[in-house]
Amino acid sequence: MSQPIRFSKQTLALFAVLMEQPRKWRHGYDLSKAAGLKSGTLYPTLMRLGDRGLLESKWEAPSEPGRPPRH
């Protein structure tokens, strides 16, 4: 019998923010502020959720020359 998936309180805070507007694309900085998570917690969580197929991500071209693309 498989174990139920357990999520950390940080992941649950992130899910709560994402569920406010589930179809809206959000950037990490916005998610960090809304969920109250630091980047060292947020980005690994986003990568794990993406790897598990629970989030969709995309690369966005830079808005200005010299800026990195956004993921």
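In the protein chain, 37% of the contacts between residues at least 6 apart in sequence join residues at least 24 apart, a contact being heavy atoms within 4.5 Å. The model is predicted, so local features need pLDDT of at least 70 and side-chain atom pairs count only at pLDDT 80 or more, while totals for chains, interfaces and linings use all residues. Residues are numbered from 1 along each chain as its sequence is written, and side-chain values use heavy atoms, with hydrogens and water left out.

## Exercise 1: the overall fold

Determine how many helices and strands the protein chain has, and state the extent of its C-alpha atoms.

Step 1. Helices are DSSP runs of H or I with at least four residues, strands are runs of E with at least two, and both are numbered from the N terminus. On this basis the protein chain has 3 helices and 0 strands.

Step 2. The order along the sequence is α-α-α.

Step 3. Along the principal axes, the C-alpha atoms occupy a box of roughly 50 × 25 × 25 Å.

Step 4. The protein chain has 71 residues, of which 20% are buried. The classes are buried (under 20% relative accessible area), exposed (over 50%) and partly exposed (in between), with a 1.4 Å probe and protein chains only.

## Exercise 2: the surroundings of R26

Locate R26 and list the interactions of its side chain.

Step 1. R26 belongs to the loop between α1 and α2, the latter being residues 28–35. The residue is buried, because its relative accessible area is 15%.

Step 2. The side chains of R26 and D30 form a salt bridge with an N to O distance of 2.5 Å. The rule requires a side-chain nitrogen of Lys or Arg within 4 Å of a carboxyl oxygen of Asp or Glu, and the count by this rule is 1 salt bridge. D30 is partly exposed, at a relative accessible area of 33%.

Step 3. The R26 side chain also reaches the backbone oxygen of V17, at 3.4 Å.

Step 4. Apart from neighbours within four places in sequence, R26 is in contact with V17, L18, Q21, L31 and A34.

## Exercise 3: separation in sequence and in space

Compare sequence and C-alpha separations for R26 and S57, P4 and H27, and G50 and K9.

Step 1. R26 and S57 are 31 residues apart in sequence, with C-alpha atoms 9.6 Å apart.

Step 2. P4 and H27 are 23 residues apart in sequence and 29 Å apart in space. P4 stands in the segment before α1 and is exposed, with a relative accessible area of 57%.

Step 3. G50 and K9 are 41 residues apart in sequence and 18 Å apart between C-alpha atoms. G50 is found in helix α3 and counts as partly exposed at 34% relative accessibility.

Technical notes: Polar contact = N/O pair within 3.5 Å; in protein donor to acceptor, adjacent residues only side chain to side chain.
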